[in-house]
Amino acid sequence: MKTIVINGANGYVAANFINELLLEDFKIIALVRAGKIPAQERMINMLSDLNDGKEFKSDKLKVYDYSLVDENFSIAEEQLNEIFGSDVDYFHFAASLKYDFKAKDEIFQTNLDGVQNSMRVFSKFASKKSRFFFISTAYSSGIMEGKFEEKFYDNADISMFRNYYEQSKRFAENLIRKQIEEEGLNGHILRLSQVVGNNKTGVTKTDYGIFDFARRIQSMANRHPYRKVRVKVNPETTQNLIPIDTVVSYLMQVVKISEIPVIMNVVAKQGIRNGFILSCLSELVPISLLSLPELEVSEMDSYERIISIGMSFTASYTDTNMNFDTTKLDEVMQLEANEASEESIRKMLEYFLDKASDKKARIAS
Ligand SMILES: NC(=O)c1ccc[n+]([C@@H]2O[C@H](COP(=O)([O-])OP(=O)(O)OC[C@H]3O[C@@H](n4cnc5c(N)ncnc54)[C@H](OP(=O)(O)O)[C@@H]3O)[C@@H](O)[C@H]2O)c1
């Protein structure tokens, strides 16, 4: 069975992918940076959490501590020769998902220097047949009219993006393009939209995007219940939400198919209306959310301002109906449809908010 090498392996999407790879008996090399907790323990804790503490197969998993931007990842050459000893599929997941303008340096160091270094290590140690997969975002589209196609777009000024995260991913894609064109890198780009929980079970172990917003609303509702809060959101525009189990199914196909297009937009076919998300939250927590797209900060009361500040990231995605081309994705991937629906998103929000309250109760007791 093929060896799959994954960096940023303890992250949400990567760990869910690894969980499935282990079930299917793939050999996995996980690159995880150590924090206060050693790399191996961080990876096992993450997998254990995904499996709700139940036992899971880990005999084919090998974890290495690494440093993304250091020469040879700060891993001994002997070990790197071992890691890349056969034709491998290498997945670059590591990224800073910060979006605040103050974090620009960290975002660029991780999302650009990190990718450049990753390609350097890959090119030095991996065989010619090995494949390099860069996990990008569908929002590397930036602010644009029309369809975002599965092709490279030139670098652009920050004014063409909602934040530095988006811009850094566009720049990183073009680093890969250069390496493909000039050095013959066997490189591929998989652009994900907003990844949510499990579509079938509702289990949601991410606090990204709409869940971050949900948590802020819940926290306000707990402190100031039964208020009416107006939010500057267009109820008719949509969020492109792709369930984690759908993403994992796509990734599993990627490792099994030999001819993969250079770029694929791994996104949902249909968006979920912002109006639905707000009404769902109004049902799940004691707060009444009213969408008012034209609401100005000067007209907001103090509660509305707190929510508005907390939406500094989400807000830029609440007035768009993004249009992503999926021709190439559809050409090579044969998957049973597993799209998020209003019903499944409600289930995910319910799970997420229940868990968040349990956690709060545990901390308080
Ligand atoms: N989640 C989404 O909705 C979404 C949507 C589109 C694209 N993506 C892309 O999918 C990938 C995974 O996202 P995710 O949601 O799984 O994110 P995540 O849970 O935050 O995982 C990010 C991973 O990157 C690692 N990382 C961050 N900075 C690093 C650094 N300086 N050096 C080494 N490792 C570093 C993190 O390690 P630590 O734990 O040590 O920080 C973690 O393992 C990212 O490339 C992201 O851009 C995600």
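Tyrosine 226 counts as exposed because it has 8 C-beta neighbours inside 10 Å. The model is a predicted one: local features need pLDDT of at least 70, side-chain atom pairs count only at pLDDT 80 or more, and totals for chains, interfaces and linings use all residues. Residue numbers run from 1 along each chain as its sequence is written.

Tyrosine 226 sits in the loop between α6 (210–223) and β8, and its phi is near 60°, a positive value in a residue other than glycine. Most residues other than glycine have a negative phi. Aspartate 25 is not a glycine either, yet has a positive phi of about 75°. This aspartate lies in the loop between α1 and β2 (27–32) and is exposed, with 10 other C-beta atoms within 10 Å. Helices (H or I, at least four residues) and strands (E, at least two) are DSSP runs numbered from the N terminus.

## Serine 74

Serine 74 belongs to the loop between β3 (61–65) and α3 (77–83). With 13 other C-beta atoms within 10 Å, serine 74 is partly exposed. Apart from neighbours within four places in sequence, serine 74 is in contact with Tyr66 and Ser67; contact requires C-beta atoms, placed from the backbone, within 7 Å of each other.

## Strands β8 and β13

Strand β8 (residues 227–231) pairs with β13 in the parallel sense over 5 bridges, where pairing requires that DSSP finds at least two bridges between two strands. Arginine 230 has leucine 290 of β13 as its bridge partner.

The side chains of β13 (residues 287–291) alternate.

## Helix α5

Helix α5 (residues 164–183) has 20 residues and reaches 27 Å from its first C-alpha to its last. That is close to the expected 28 Å at 1.5 Å a residue, the expected span being 1.5 Å times one less than the number of residues. After α5 comes glycine 184, with a positive phi near 70°.

The buried residues of α5 include Tyr164, Tyr165, Lys169, Arg170 and Ile176. The buried residues of this helix pack against α4 (104–125), β5 and β6 (187–192).

## Two domains

The protein chain is assigned domain 1 (3–195 + 241–266) and domain 2 (197–239 + 271–321 + 337–364); such bounds come from an automatic or database domain assignment. The centres of domain 1 and domain 2, taken over C-alpha atoms, are 28 Å apart.

In domain 1, 15 residues are in contact with 15 residues of domain 2. On the side of domain 1 that touches domain 2, α2 (39–50), β7, β10 (241–243) and α7 (244–256) give two or more residues. The most come from α7, with 4 residues. By class, this side has 9 nonpolar, 3 polar and 3 charged residues. Nonpolar covers Ala, Val, Leu, Ile, Met, Phe, Trp, Tyr, Cys and Pro; charged covers Asp, Glu, Lys and Arg; the others, Gly among them, are polar.

## Ligand shell

The ligand is surrounded by 22 residues, of which Gly8, Gly11, Tyr12, Ala95 and Val195 are the closest. A residue is near a molecule if its C-beta atom, placed from the backbone, lies within 6 Å of it.

At least two residues of the shell come from each of α1 (12–23), β5 (131–137) and β7 (194–196). The largest share, 3 residues, comes from α1. The shell has 12 nonpolar, 9 polar and 1 charged residues.

How values were computed:
Buried ≥ 20, exposed ≤ 12 C-beta atoms within 10 Å, placed from the backbone. Contact = placed C-beta atoms within 7 Å.
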